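Hello,

Here is the structure for you to look over. My notes follow below.

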Amino acid sequence: MGAARAPIHPLTEGDREDRYKKSGGQPLLEFGDAPNPYADYVGTPMLLALQNPRTDAAGEPSFLVMTQIMELLFKLVYTEARRARDYLESDQLNEALWVLRRTHKIMNVLAGTWDVLAALSPAEYNEFRDELGEGSGFQSPMYRQLEFILGNKHRSLLKPHQGEQAAHRKLSQTLAEPSIYDAAVRLLRRREFPIPEHCVERDWTEPRDADDEIIQAWRMIYGDPARYHELHSLAESLVDLAYLFGRWRFSHLLTVERIIGGRVGTGGTSGVGWLRKAADHRFFDELWTVRSVG
């Protein structure tokens, strides 16, 4: 449960006009005994109380804050991808495309978070690295939610979260639902493309091998983008999303290589070696295959 929020008193356009006239256009800065409305809405007291460095290392606040920002952005991308998925499931393609447009902007911000962390020198990182213990971003429940909604699904990825009931329950739910790409394929079938039944009604918790008939359907769309304008825009929007996610992963790889080189990672992985394999993964591989088929 979150902290209690102050009662909300929505303002009408008339209220705002009256306040403008009384203030002469100056910002409202006195609230008496009432809570600061901005801080209350954003939850800044709670948000700004979450940064608790474990050392006096100069670089730890940057690492902690940027990592927390990534978690918030994971949540936002997941929320938008889920919304776009639901629009696709209800045949609201234009609405899905609009949400994906916004999602691409968020992914650009997410990719840029590594620019700050890449400014840490190896010596600065080493000053607080031991305090991470066995902690690793790979263990993030929110990152896992995002991967699941995008389609990187494996039951084994639930294991790190068995001790967190709420997170495990939410992850299990997302694992068992169609991904955004599954929703796109189901839309193609409803648009009378020859998509096999087993690709649109199946166990969503399991990964699916690439299917030649789905690739052929995308080839038809790419072969006549004027006729299939909306579906072509959907395909390109999904590729944009996969591309931006790949940028984030590759920036992660370069940042880690720059800071710790080839040393073993904190979470038991091989560090750079493991991240290099992860960076090779592409979401929506059938859309990438279409680019290689004449």
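Buried means under 20% relative accessible area, exposed means over 50%, and partly exposed is in between (1.4 Å probe, protein chains only). The model is predicted, so local features need pLDDT of at least 70, side-chain atom pairs count only at pLDDT 80 or more, and totals for chains, interfaces and linings use all residues. Residues are numbered from 1 along each chain as its sequence is written, and side-chain values use heavy atoms, without hydrogens or water.

Most residues other than glycine have a negative phi. Aspartate 91 has a positive phi of about 65° and is not a glycine. Aspartate 91 sits in the loop between H4 and H5; helices are DSSP runs of H or I, at least four residues, numbered from the N terminus. Aspartate 91 is partly exposed, at 39% relative accessible area.

Phenylalanine 284 also has a positive phi, about 60°. Its loop runs between helix H13 (272–279) and helix H14 (285–290). Phenylalanine 284 is buried, at 6% relative accessibility.

Threonine 113

Threonine 113 belongs to helix H5 (residues 93–117). Threonine 113 is buried, with a relative accessible area of 4%. A polar atom of its side chain lies 2.5 Å from the backbone oxygen of leucine 110. Leaving out residues up to four places away in sequence, threonine 113 touches Met66, Ile69, Met70, Leu73 and Trp248 (contact: heavy atoms within 4.5 Å).

Best wishes

Conventions:
Helix = DSSP H or I, 4+ residues; strand = E, 2+ residues; numbered from the N terminus. Polar contact = N/O pair within 3.5 Å; in protein donor to acceptor, adjacent residues only side chain to side chain.
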